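The following exercises are to be worked with the sequence and the coordinates at hand. Each task is followed by a stepwise solution.

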Amino acid sequence: MNEDKSLTFSLVTGAAGFIGSNLVDYLLDKGHQVLALDNESANNDNFYWNDKAINVRGDMTDYAFMKNVMSRNVNYVFHLAAESRLQPAIENPIQAVQRNCVGTTVMLQCAREVGVKRFVYSSTSSGYGNNPWPNDETQPDDCLNPYSVSKVSAEKFCKMYSSLYGLETVVLRYFNVFGERCPTRGQYAPVIGIFDRQKESGEPLTIVGNGSQKRDFIYVKDIARANYLASLMPLKGKVGEVFNVGSAKNYSVQQIADTISDDQVYIPERNGEMDTTLADITKIGETIGWEPEVDVLEWITNR
Ligand SMILES: NC(=O)c1ccc[n+]([C@@H]2O[C@H](COP(=O)([O-])OP(=O)(O)OC[C@H]3O[C@@H](n4cnc5c(N)ncnc54)[C@H](O)[C@@H]3O)[C@@H](O)[C@H]2O)c1
């Protein structure tokens, strides 16, 4: 596809993944021209490329390559490419740091050099660790695993690129994302993806621990809308800051399982995971006017 200089030009990294591909579709619907970048390195069942985007296969940790890609008058960067799963990061912390810290720094540096208007970084609620809930953005970091440390370190780079170099950055901390294209492969896919796969293949749902752990689930298209608003709304003096993107309510893993199938077994708890997540979403609502629209149990029941 050729570039049209009259359109807003947005780069999405991790564009063929779960959330990135939904964001690409959303931005195209909003009339953006989209440069979609992914190296298909995730252990996902499928990668999703939209023919209406300019699709580029490549590694966002490669500075020379990314500088070249971004020299095409990119206005906005939505940086989602990452080691995106907690357990693989526990198994391979060096790779997590390479993708999440080094990769984000490469992206920020290129964005700074080519004069990007705003850089929206996808971070994670796992930075809250065992803070009391609901989690709000004033709480101290409590990083329990390499995924969380590497993602939160990259948040600090975003903030520093704003204060030192004047690049406008926004950090969005997602809670547990669900929705269309959720990966189902492997034991470390998101919980709803694993349950869907198990139900489809006639296996019992494997509930970790006793299933009482609670998660704040947020719909992937609500996440896409949050990214869009974060790129264009005034930030009211909050450039470089962190914003929660959650639903502000939570359900236990047992409740989710019960909505999908009664055929269930329990497996041992895993180290490094939080017991409860629950977002306070006051800040993002007040700043850019975002709020969630889709409830996870209704979505599971009505799909
Ligand atoms: N899914 C969730 O519940 C959740 C929660 C909090 C934060 N996040 C964050 O949201 C972002 C997207 O997560 P997702 O669930 O869509 O994950 P995903 O793994 O489906 O998507 C990430 C994509 O990035 C690509 N990628 C990885 N390394 C790359 C590299 N070096 N160069 C180019 N592409 C690369 C992968 O191939 C993959 O397609 C991640 O930054 C993740 O940390 C996700």
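**Exercise 1.** Which residues in α7 are buried?

*Solution.* The model is predicted: local features need pLDDT of at least 70, side-chain atom pairs count only at pLDDT 80 or more, and totals for chains, interfaces and linings use all residues. Residues are numbered from 1 along each chain as its sequence is written. A residue is buried if 20 or more other C-beta atoms, placed from the backbone, lie within 10 Å of its own, exposed if 12 or fewer, and partly exposed in between. In α7, this test selects V220, D222, I223, A224, A226, N227, Y228, A230 and S231.

**Exercise 2.** State the order of the strands in the open sheet and identify its edges.

*Solution.* Strands are DSSP runs (E, at least two residues), as are helices (H or I, at least four), numbered from the N terminus; two strands pair if DSSP finds at least two bridges between them. The order of the seven strands is β3-β2-β1-β4-β5-β6-β11, with parallel pairing. The edges are β3 (54–57) and β11 (242–245); each has a single partner strand, so one side of each lacks a neighbour in the sheet.

**Exercise 3.** Describe how α7 packs on the sheet.

*Solution.* Contact requires C-beta atoms, placed from the backbone, within 7 Å. Helix α7 touches β4, β5, β6 and β11. Its direction makes about 165° with that of β6, where axes are lines fitted to C-alpha atoms, for helices over the stretch in contact, and angles run from 0 to 180 degrees between N-to-C directions.

How values were computed:
Contact = placed C-beta atoms within 7 Å.
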